[in-house]
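User: I have a model open and would like to learn how to read its features. Please take me through them one at a time.

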Amino acid sequence: MDLIYKTTEEIFESFVVNAKFDIVAKEHNFDIQIDSNISYLTGAQIPNVLNISAIFGKKCIAFISELSEFKIKNLLSGVFIIVTTSIPKKITIPTLFCKNADQLGFTLEAAYELSLETRLPVNVVLGSKAINSLAKDYTFNISSQQSRQNISKSNIRDIDTTVIVEKLSLAEAILNAKLPNTLNSDFLSLNFEGEFLNYIIPHTNPNPVRTTFKVYKKEVEYLKPVLELLNIKFDIVELSNYECNISTRTALCPGCPFVSIFTALKLNDFYIFSNIKCKSIYESFDINYMTMDEFYGLLLAEVKQNFLFITNYSDFNQKYLKNVDIKGKVILLKDTEIDREFFKLTKYPFKLTKPNFIFPYSCENIISYKIPKIKTEKCSCLRDGKVADCMAKTFCPAIKATDNAIKIDPQFCTGCRACVAYCPKGAIK
């Protein structure tokens, strides 16, 4: 009998349906299309919000790029799974690692059952080969137990540390029986050739058998939390002939304001600063993080160089406009209806003027415009073996590569038209 393959996106969809999750939340720039019933939370907010819902009985799943430090204070009445593409800087909850796409279904099911049995939140960290790939079809056999919805003092009151430790020990016993950490390769890697741990439970010893590994130089910083937590000795090696089978790129939100701003305005001679907390924009653009107060200090310093500050409409403090020159130095992302003096609203993201203006939306309330169309006969970059600028320069997850041309996913595209500006062939209209 032939094996049926599905995309990892389809595996996730099947998991969400079979587990009957009550709440599904996805960070804007998480590069998987999942229907989310919460769309206004940032990646930093999602875990804390959903954790409370799970404490009071809801089945919850979150899709975010990175989990910030997360402290267990209460046992869950429901189930809570957090799917990430980065290893947390500090591992504080049971964490499962999925290196290959074929392991995805089994790992998700194990995480669900673990959360259900231990009443703890569980983090599933995906390697690059376990996302946006093909996988063997998986039939989920998930408990049909319905979420328990109740409110009592025990839900709210912080539980004793000894109870948490007991639950973590239970998690270790469950996973050691189901997913033992037996590593045969001397290369420790989640994204490249080699092997990786199946799980880590804080406050317990995962016993990976080996104590010394080779680690690729490109992955040392990425694996640092694991290496330090387990006190693993390692030798750094160059990637050389070992290559990742899946090419990964920074994913920005479809319609990201920063893409439109950098596309339309000539900012090569500017020092760009922002207080927007999004890891992807700092990886994609030449931007430096700066708080609002620090920006005010920069204004007072009266430096001669061109600089620009991008911030949310609601974060900008009017008092900073007094006695300082802000002309051409500020762009506000519209996240509220509060009126602002000195700034005019730009209605369309693809019709920008010089700074100071109000961009028509922020990262949290992206507006959709008319979706552009592709003239396939003109779309020749991929056929000619060249880089498609519309993909490489916009980092947009709505743009997909086929064998001969790119295509635009209408469920992702917001019509920001940055791809139109970058297309050298005029194939996108």
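Analyst: What follows covers a helix, the aromatic rings, charges over rings and the cysteines. Keep in mind that this is a predicted model.

User: Which residues of helix α2 are buried, and why do they line one face of the helix?

Analyst: The general idea comes first. An α-helix has 3.6 residues a turn, so residues three or four places apart point the same way. In this structure, helix α2 covers residues 46–55, and its buried residues are Ile-46, Pro-47, Leu-50, Asn-51, Ala-54 and Ile-55. Viewed down the axis of α2, these buried residues fall within an arc of 155°, so they line one face of the helix.

User: How many aromatic pairs does a search of the whole structure find?

Analyst: The search finds 21 aromatic pairs. Take Phe-70 and Phe-80: their centres are 6.4 Å apart with 65° between the planes, and the pair is edge-to-face. This pair links distant parts of the chain, 10 residues apart. Phe-70 lies in the loop between β3 (59–63) and β4 (79–84), while Phe-80 is in strand β4. Both Phe-70 and Phe-80 are buried.

User: Why is the pair of Tyr-282 and Tyr-289 edge-to-face?

Analyst: To read a pair, look at the angle between the ring planes: over 60 degrees counts as edge-to-face. The planes of Tyr-282 and Tyr-289 are at 70°, with ring centres 6.2 Å apart, so this pair is edge-to-face. Tyr-282 counts as partly exposed at 22% relative accessibility, and Tyr-289 also counts as partly exposed, at 43%.

User: Which residues do ring pairs link into a cluster?

Analyst: The cluster consists of Phe-15, Phe-21, Tyr-112, Tyr-138 and Phe-140.

User: Where do the charged ends of Lys-329 and Arg-417 sit?

Analyst: The charged end of Lys-329 sits over the ring of Phe-307, 5.5 Å from its centre. That of Arg-417 sits over the ring of Phe-350, 5.7 Å from the ring centre.

User: How many disulfides does a search of the whole structure find?

Analyst: A disulfide is a covalent bond between the sulfur atoms of two cysteines. The search finds zero disulfides here. Cys-278 is in none; its nearest cysteine sulfur, that of Cys-253, is 5.9 Å away. Cys-278 is buried, with a relative accessible area of 18%.

User: How far is the sulfur of Cys-381 from the closest cysteine sulfur?

Analyst: The distance is 6.3 Å, to the sulfur in Cys-423, which is too far for a bond. Cys-381 is buried, at 12% relative accessible area.

Methods. Residues are numbered from 1 along each chain as its sequence is written. This is a predicted model: local features need pLDDT of at least 70, side-chain atom pairs count only at pLDDT 80 or more; totals for chains, interfaces and linings use all residues. Side-chain values use heavy atoms; hydrogens and water are left out. Buried means under 20% relative accessible area, exposed over 50%, partly exposed in between (1.4 Å probe, protein chains only). Helices (H or I, at least four residues) and strands (E, at least two) are DSSP runs, numbered from the N terminus. The arc is that of the directions from the helix axis to the C-beta atoms. Rings of Phe, Tyr and Trp (its six-membered ring) pair if their centres lie within 6.5 Å; planes under 30 degrees apart count as stacked, over 60 as edge-to-face and the rest as tilted. A charge sits over a ring if NZ of Lys or CZ of Arg is within 6 Å of the ring centre and within 35 degrees of the ring normal. A disulfide is a pair of cysteine sulfur atoms within 2.5 Å.
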